[in-house]
Amino acid sequence: MADNDLLSKVTVALRRSDMPEELTQEVSDLVDAALADLKQAGVSNLDTQDPLIRRAVITYCRANFWPTGDYDKLKAQLRMTTNYTDWPDA
């Protein structure tokens with residue numbers, strides 16, 4: 001279940017602060033899916049207080065309402081950064 005602070009930031013980013021409960025649950029599921037997707041891509045630092053992780057989650061959720069290529073670009077950047085992965089330094 002998505003933490004309330006991050007869920008609140010996502011709903012504001014979606015311009016939907018007055019969402020009905022059903023939509024709030026869907027957005028919460030999208031937040032969880034975003035974090036799972038980043039983990040699957042190799043991002044191990046999933047600290048939801050980190051501004052880049054928050055931005056990635058928000059971008060993922062927004063892409064489910066308004067498709068763009070922004071999330072894939074941000075995910076690729078995170079998975080190539082040693083601060084966000086467990087990959088050994090080269």
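Trainee: How are α2 and α3 oriented to each other?

Mentor: They are oblique to each other, on a scale where angles under 35 degrees count as roughly parallel, over 145 as roughly antiparallel, 65 to 115 as roughly perpendicular and the rest as oblique. Before going further, note that this is a predicted model, in which local features need pLDDT of at least 70 and side-chain atom pairs count only at pLDDT 80 or more, while totals for chains, interfaces and linings use all residues. Residues are numbered from 1 along each chain as its sequence is written, and side-chain values use heavy atoms, with hydrogens and water left out.

Trainee: OK, and at what angle do the axes of α2 and α3 cross?

Mentor: Helix α2 (residues 21–40) and helix α3 (residues 51–65) have axes that cross at roughly 125° and come within 9 Å. The axes are lines fitted to C-alpha atoms, for helices over the stretch in contact, and the angles run from 0 to 180 degrees between N-to-C directions. The helices themselves are DSSP runs (H or I, at least four residues), numbered from the N terminus.

Trainee: Is the crossing of α2 and α3 left-handed or right-handed?

Mentor: The crossing of α2 and α3 is right-handed, a term used if the near helix is turned clockwise from the far one by less than a right angle, with anticlockwise giving left-handed.

Trainee: Which residues in α2 and α3 meet?

Mentor: From α2 there are Leu 23, Val 27, Leu 30, Val 31, Ala 33, Ala 34, Leu 35, Asp 37 and Leu 38, and they meet Ile 53, Ala 56, Val 57, Tyr 60, Cys 61, Asn 64 and Phe 65 in α3, where contact means heavy atoms within 4.5 Å. By class, the residues of this contact of α2 with α3 are 14 nonpolar, one polar and one charged; here Ala, Val, Leu, Ile, Met, Phe, Trp, Tyr, Cys and Pro count as nonpolar, Asp, Glu, Lys and Arg as charged, and the others, Gly among them, as polar.

Trainee: What does Leu 30 touch?

Mentor: Not counting residues up to four places away in sequence, Leu 30 touches Tyr 60, Cys 61, Asn 64 and Phe 65. Leu 30 and Cys 61 are 31 residues apart in sequence, yet their C-alpha atoms are 5.9 Å apart in space. Leu 30 is buried, with a relative accessible area of 11%, given that buried means under 20% relative accessible area, exposed over 50% and partly exposed in between (1.4 Å probe, protein chains only).

Trainee: Switching to α1, how does it sit against α2?

Mentor: α1 and α2 are roughly perpendicular to each other, their axes crossing at roughly 110° and coming within 10 Å. Leu 6, Leu 7, Val 10 and Thr 11 of α1 make the contact with Thr 24, Val 27, Ser 28 and Val 31 of α2, and the residues there are five nonpolar, three polar and no charged.

Trainee: And at what angle do α1 and α3 cross?

Mentor: Roughly 50°, with the axes of α1 and α3 coming within 10 Å, which makes α1 oblique to α3. Asp 5, Leu 6, Lys 9, Val 10 and Ala 13 of α1 form the contact with Arg 54, Val 57, Ile 58, Cys 61 and Arg 62 of α3. That contact of α1 with α3 divides into six nonpolar, no polar and four charged residues.

Trainee: Now the charges: how many salt bridges are there in the whole structure?

Mentor: A search finds two salt bridges, each being a side-chain nitrogen of Lys or Arg within 4 Å of a carboxyl oxygen of Asp or Glu. One joins the side chains of Arg 54 and Asp 5 at 2.6 Å, N to O. Since Arg 54 lies in helix α3 and Asp 5 in helix α1 (residues 4–13), this pair ties together parts that are 49 residues apart in sequence. Arg 54 is buried at 9% relative accessibility, whereas Asp 5 is partly exposed at 37%.

Trainee: Which side chain does Asp 37 meet in a salt bridge?

Mentor: Asp 37 meets Lys 75, at 3.1 Å, N to O. Asp 37 lies in helix α2 and Lys 75 in helix α4 (residues 70–79), so the pair ties together parts that are 38 residues apart in sequence. Both Asp 37 and Lys 75 are buried, Lys 75 with a relative accessible area of 17%. Leaving aside neighbours within four places in sequence, Lys 75 is in contact with Asp 37, Leu 38 and Ala 41.

Note on methods:
Helices (H or I, at least four residues) and strands (E, at least two) are DSSP runs, numbered from the N terminus.
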